Amino acid sequence: MAEGLYSDFELDELKGLRRKILEQRAKGVSQFSYNGQSFTYSSPSQMLIVAEEIQREIGRKVAAANGWQPISTGGWSTFRPLSGGNQ
């Protein structure tokens, strides 16, 4: 699996950064500092995109820590008929 943009961050740092981005977005602020770093975004939608990227990285880190493996959503699917089908 390819490494994410935020793979160098610890899980707690990612959660804090995501929280800060969403808080600042809600306030209408596009520039802020977090943990000694300055962040500037061009629009609220860009902030939401970054928060979503961070959420995906959080998911990857949690999955890796728990030994979870991704499942394939493609391929064959099995469907069960609705109740009262062919009898």
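## The buried side of helix H2

In this predicted model, the residues of helix H2 that are buried (under 20% relative accessible area, with exposed meaning over 50% and partly exposed in between, for a 1.4 Å probe and protein chains only) are Met47, Val50, Ala51, Ile54, Glu57, Ile58 and Ala63. Helices here are DSSP runs of H or I with at least four residues, strands are runs of E with at least two, and both are numbered from the N terminus. The buried residues of H2 pack against helix H1 (11-27) and strand E1 (31-34).

H2 itself covers residues 44-66, and its 23 residues reach 33 Å from the first C-alpha to the last, close to the 33 Å expected at 1.5 Å a residue, where the expected span is 1.5 Å times one less than the number of residues. After H2 comes Gly67, whose phi is positive, near 75°.

One salt bridge is counted, the term meaning a side-chain nitrogen of Lys or Arg within 4 Å of a carboxyl oxygen of Asp or Glu. The partners are Arg60 and Glu57, whose closest N and O atoms are 2.9 Å apart. Arg60 and Glu57 are three residues apart in helix H2, and therefore about one helical turn separates them. Because an α-helix has 3.6 residues a turn, residues three or four places apart point the same way. Glu57 counts as buried because its relative accessibility is 4%, whereas Arg60, with a relative accessible area of 30%, is partly exposed.

## Helix H1 and its two sides

H1 has 17 residues and reaches 25 Å from its first C-alpha to its last, close to the 24 Å expected at 1.5 Å a residue. Its buried residues are Leu14, Gly16, Leu17, Ile21 and Gln24. These residues lie on the same side of H1 because they cover an arc of only 165° around the axis, the arc being that of the directions from the helix axis to the C-beta atoms. On the other side of H1, Asp12, Ala26 and Lys27 are exposed. The buried residues of H1 pack against E1, E2 and H2, and the helix is followed by Gly28, which has a positive phi near 85°.

Gln24, which has its place in helix H1, counts as buried because its relative accessibility is 8%. When residues up to four places away in sequence are not counted, Gln24 touches Val29, Phe32 and Met47, contact meaning heavy atoms within 4.5 Å.

E1 and strand E2 (residues 37-40) pair in the antiparallel sense over four bridges, two strands being paired if DSSP finds at least two bridges between them. They form a hairpin with two residues between them, and Asn35 in the turn has a positive phi of about 55°. The bridge partner of Phe32 in E2 is Phe39.

Leaving aside neighbours within four places in sequence, Val50 is in contact with Tyr6, Ile21 and Tyr41.

## Basis of the values

Residues are numbered from 1 along each chain as its sequence is written, and side-chain values use heavy atoms, with hydrogens and water left out. Because the model is predicted, local features need pLDDT of at least 70 and side-chain atom pairs count only at pLDDT 80 or more, while totals for chains, interfaces and linings use all residues.
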